[in-house]
Amino acid sequence: MDAVDYSEHYEVTTTEETPSLLSVIIDTNPRAWAVLDDGSAPLSLTTAVANLLVFINAHLAFSGANQVAVIAAHVNRAVWLYPSSQQHANPSQQHGSSSADADAAMADADITNTRSSANKYPQFAHIEATVMASLKKLMAEMTERDLASTTTQLSGALTLALCHTNKAARALGASELDNAAPTTAAGQGTATSAPPPMKGRILVLSVSDSESAQYIPTMNAVFAAAHGRVAIDALALAGDATFLQQACFNTGGVFLRADANPRGLLAYLMFGMVADVEAREALVPPTHDTVDFRAACFCHGRVVDTGFVCSVCLSIFCEAPADAECLTCGTRLRLGRYGAKPAVIPRKKRKKKKVVNGSGREETMSATGTPLR
């Protein structure tokens with residue numbers, strides 16, 4: 001008797017995986033890290049960077065096409081930690097690209113003496129050595145004048161990450177067009193909806209408060225990320241990250257607050273931030289209960305709950321501008337009778353009840369009192 005094949009057969013097609021670029025922004029404010037290291041749950045910057053490197057290795061291990069970039073948001077500037085400045089000129093030659101010569105083309109002068117280990121993947125070892133060397137160089141270049149500043153340049157780091165993502169996507173898209181199938185005899189190709197060349201997202205590790213002076217440039221970067229479909233994730237270890245909550249909400253990212261247990265940084269990263277935007281559609285990502293939508297005024301930089309908004313440029317002011325003129329676009333604002341003395345309407349006097357024979361009952365022109373029921 002012939003055997004019956006009950007197995008199900010599926011048609012398997014091979015498709016290239018869309019690479020994912022993860023840009024990690026580390027808040028390297030020395031004052032904020034000093035306070036966090038002396039708290040009830042101490043966490044040093046070196047320990048946090050070590051946990052971030054494990055998270056970065058996990059991201060790269062998901063796919064050989066994934067890429068990573070690390071940026072330091074310092075008190076006076078935003079600095080690249082990985083990749084080096086030479087690799088920015090050719091983003092397609094970074095680690096995680098499909099080029100066969102990518103590993104051989106990458107070499108940094110600061111890590112030439114690094115001893116290679118047989119138990120560590122060369123790409124992971126290269127990223128770790130580059131990040132640590134760049135971070136040590138950044139801390140060695142700090143001066144007393146830098147320590148006097150307390151504002152973290154988060155907007156500059158976001159701008160660098162967005163520019164790097166756009167540049168890498170353009171380079172990858174150009175290479176895909178060069179390797180595309182030839183057109184038909186009529187000179188027209190097949191009309192297919194091609195996926196985006198790269199999935200980009202940004203992860204911000206914050207330890208300081210949101211500075212009101214950084215509100216306008218930060219929101220400009222957030223709106224640019226939302227327009228470019230780049231999700232912004234944030235993990236706040238300390239401080240009041242008001243603007244980062246709005247950034248995650250506007251771009252569809254994840255915001256987590258780990259100020260209760262900052263030493264569990266790796267657990268927060270691996271369970272809440274490791275999935276990209278496409279994978280989160282099949283998962284239940286962690287959500288934040290409340291979002292602080294307060295904004296900073298354009299006149300004094302104060303974070304306000306209620307203020308005056310220009311109807312033309314949407315500038316926010318905590319007080320009515322002088323001569324009712326917008327300080328940003330110069331539009332004459334119509335405030336109506338705002339600030340005028342309010343009109344007082346006199347209250348009507350109520351008639352007093354007449355008292356009969358010293359009793360508290362009303363006069364009803366009757367010998368007997370009015371029954372209660």
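Predicted model: local features only at pLDDT ≥ 70, side-chain atom pairs only at ≥ 80, totals over all residues.
Author: Local features here need pLDDT of at least 70 and side-chain atom pairs count only at pLDDT 80 or more, while totals for chains, interfaces and linings use all residues. Residues are numbered from 1 along each chain as its sequence is written, and side-chain values use heavy atoms, with hydrogens and water left out.

Reader: Why is the contact of Glu 128 with Lys 120 called a salt bridge?

Author: A salt bridge is a side-chain nitrogen of Lys or Arg within 4 Å of a carboxyl oxygen of Asp or Glu. The closest N and O atoms of Glu 128 and Lys 120 are 2.9 Å apart, so the pair meets that limit. The whole structure holds six salt bridges.

Reader: What makes Glu 128 partly exposed?

Author: Buried means under 20% relative accessible area, exposed over 50%, and partly exposed in between (1.4 Å probe, protein chains only). Glu 128 has 32%, so it counts as partly exposed. Lys 120, at 35%, is also partly exposed.

Reader: How do you know that Glu 278 and Lys 199 tie together separate parts of the sequence?

Author: Their side chains meet in a salt bridge at 3.0 Å, N to O. Glu 278 lies in helix H11 (residues 277–280) and Lys 199 in strand S4 (residues 199–206), so the pair joins parts 79 residues apart in sequence. Helices (H or I, at least four residues) and strands (E, at least two) are DSSP runs, numbered from the N terminus.

Reader: Which residues are linked in a network with Lys 199?

Author: Asp 276 and Glu 278 are linked with Lys 199 in a network of salt bridges.
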